[in-house]
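Here are some notes for a colleague who is opening this entry for the first time. They are set out as numbered points that can be read alongside the model.

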Amino acid sequence: MAAKILVVDDDPNVQRLLTYTLKQEGYEVVVAADGAEGFRLWGAEQPALLLLDVMLPKLDGYQVAGKIRAEEGAGSHVPIIMLTAEREVEQKVRGLRAGADDYLIKPFHPAELLARIKSLLARFAPRELLVGRPPLGRIVAFYGAKGGVGTTTIAINAAIALHRELGRKVCLVDGNLQFGDHRVFLDLGLDRKSIVDVVTAPTIDLDLIKQVLVKHDSGIDLLLAPPNPETAELVTQDHMPLVLDQLRGLYDYTLIDIDKRLDEVNLHILDAADTMFVVMTADLSCLKNVRLVLETIGHLGYEKQKVQLVLNRSNAFTGINVKNAENALKRQIDHQVVNEYRGAISALNSGAPFMFTKADSILGRSLLEFARALDRATPATGKAPQLAPATR
Ligand SMILES: Nc1ncnc2c1ncn2[C@@H]1O[C@H](COP(=O)(O)OP(=O)(O)OP(=O)(O)O)[C@@H](O)[C@H]1O
Ligand SMILES: [Mg+2]
């Protein structure tokens with residue numbers, strides 16, 4: 001699922017360094033040593049982004065960028081980062097005029113290059129996704145085995161990672177109907193629309209749902225929980241699968257955050273989901289709950305890989321390590337997210353998820369790893385549409 005990057009540079013040392021840096025980060029790399037070859041490979045390889053040197057044999061970087069912009073069809077735009085040894089503003093302006101989206105002066109730090117690549121890919125991915133291919137249509141439930149284990153933290157940040165880092169189109173649903181707190185985590189007022197506006201309408205259709213979705217600055221769409229506990233009961237067990245089914249047709253991923261109750265509403269949500277991530281911590285009461293949940297869920301006849309365990313705060317000292325937990329549960333823990341209280345709580349209290357503002361932090365990296373694993377996993381129930389090739 002790695003994005004393909006085309007490096008156009010005639011210097012073998014630069015080629016080697018860039019190839020190494022990009023591959024380390026998980027990108028696929030194609031190299032061209034002159035402008036004409038670069039232009040040809042842009043057409044043949046359809047890269048997600050170009051790193052384009054300015055001084056090149058045959059065609060220079062400006063010419064290559066100009067030709068690409070002239071040839072690519074309306075609605076498509078491959079991001080181009082120009083690389084140059086020149087510090088002159090004039091050069092920079094020329095590059096941008098020719099169609100570059102960004103500019104880096106050699107020598108540059110690999111971290112800066114990677115940051116710019118990521119931001120450009122995130123900026124241009126959603127448009128490609130909309131026009132390029134049908135959505136993956138996967139529904140993923142995040143179920144907290146106990147209150148306060150970090151279910152909401154993981155659901156929100158995984159949603160943002162899937163969108164911003166992996167180029168997926170994502171909707172996040174707050175399924176904690178009585179006490180949903182996505183408004184707090186994402187710094188949104190009580191006045192925003194919620195799922196209540198969907199279920200109280202005479203018919204539930206896609207147009208209505210689209211109007212009720214709230215766009216977050218990170219680029220993900222949100223379906224918020226009722227603004228107060230009294231209205232929560234308006235949402236019934238039959239509503240949730242209907243709403244999720246509509247969202248399936250619109251998004252690569254619909255993530256839904258739910259609490260530990262195994263009531264009818266939650267069971268209907270779990271039924272509709274392709275994958276259920278049970279979020280837990282390594283303490284006795286949580287282990288007890290996970291065992292009970294696994295038992296109950298066992299009776300529902302789900303396929304084995306539909307239910308996956310996520311150990312949050314995995315390296316926190318609790319006296320129970322991962323091995324102990326696995327032994328107690330007689331099954332493997334599928335995913336782990338590190339413990340980093342300061343990062344988690346300051347993101348919560350500022351209303352800015354760490355995956356949005358501090359993707360490079362310890363927690364951000366841990367969540368990205370989790371999101372990558374989630375994205376690699378095939379839907380268990382086969383309800384989702386055929387897997388389309390990722391654009392990135
Ligand atoms: N990986 C982590 N490391 C450290 N602290 C974390 C981590 N994940 C979550 N937390 C902290 O744990 C607390 C509970 O998190 P969160 O609200 O996400 O849990 P929850 O399971 O959704 O809770 P609730 O039952 O209230 O819905 C928050 O203060 C959060 O900052
Ligand atoms: Mg929560």
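1. Glycine 364 is part of helix 17, which spans residues 362-376; like everything below, this is read from a predicted model. Because a residue with 20 or more other C-beta atoms within 10 Å of its own is called buried, glycine 364, which has 23 such neighbours, counts as buried. Once its neighbours within four places in sequence are set aside, the residues in contact with glycine 364 are Phe354, Met355, Lys358 and Ala359. Serine 350 stands 14 residues from glycine 364 in sequence, and the distance between the two C-alpha atoms is 16 Å.

2. Which residues come nearest to ligand 1? They are Gly147, Gly150, Thr152, Thr153 and Ala344, out of 20 residues around the ligand. Sorted by class, this shell consists of 10 polar, 7 nonpolar and 3 charged residues. Helix 6 (151-164) and helix 15 (341-350) each provide at least two residues of the shell, and helix 15 gives the most, with 4 residues.

3. The largest nonpolar core contains 75 residues, and those with the most contacts inside it are Ala141, Ala158, Leu255 and Val278. Helix 6 gives the most to this core, with 8 residues. Alanine 158 touches Leu255, Leu367, Phe370, Ala371 and Leu374, when residues up to four places away in sequence are not counted. Apart from this core lies another one, of 32 residues, which includes Ala3, Ala48, Leu49 and Val78.

4. An open sheet is built from 5 strands with parallel pairing, in the order 2-1-3-4-5. Strand 2 (28-32) and strand 5 (102-105) stand at the edges and have a single partner strand each, so one side of each is left without a neighbour in the sheet. On average, and with direction ignored, neighbouring strands of this sheet are turned by 20° against each other. Strand 1 (residues 4-8) runs parallel to strand 2 and is joined to it by 5 bridges; leucine 6 has valine 30, in strand 2, as its bridge partner. Helix 3 (residues 61-71) packs on the sheet, where it touches strand 1, strand 3 (49-53) and strand 4 (80-84), and its direction makes about 150° with that of strand 3.

5. Is strand 7 (residues 170-174) mostly covered or mostly open? Strand 7 is mostly covered, since 5 of its 5 residues are buried. Both of its faces are covered, with Val170, Leu172 and Asp174 buried on one side and Cys171 and Val173 buried on the other. Strand 7 pairs in the parallel sense with strand 10 (residues 253-258) over 5 bridges, and cysteine 171 has threonine 254, in strand 10, as its bridge partner. Strand 7 also pairs in the parallel sense with strand 9 (residues 221-223), over 3 bridges, and here leucine 172 stands opposite leucine 222.

6. Strand 12 (residues 307-312) has 5 of its 6 residues buried, and it is therefore largely enclosed by the rest of the structure. Its pairing with strand 11 (residues 275-280) is in the parallel sense and extends over 5 bridges, with valine 279 standing opposite valine 310 of strand 12.

Notes
Residues numbered from 1 in each chain as written. Chains lettered and ligands numbered in written order. Predicted model: local features only at pLDDT ≥ 70, side-chain atom pairs only at ≥ 80, totals over all residues. Near = placed C-beta within 6 Å. Nonpolar A, V, L, I, M, F, W, Y, C, P; charged D, E, K, R; others polar. Core = buried A, V, L, I, M, F, W, Y, C linked by C-beta atoms within 7 Å. Buried ≥ 20, exposed ≤ 12 C-beta atoms within 10 Å, placed from the backbone. Contact = placed C-beta atoms within 7 Å. Pairing = 2+ DSSP bridges. Axes fitted to C-alpha atoms, helices over the stretch in contact; angles between N-to-C directions.
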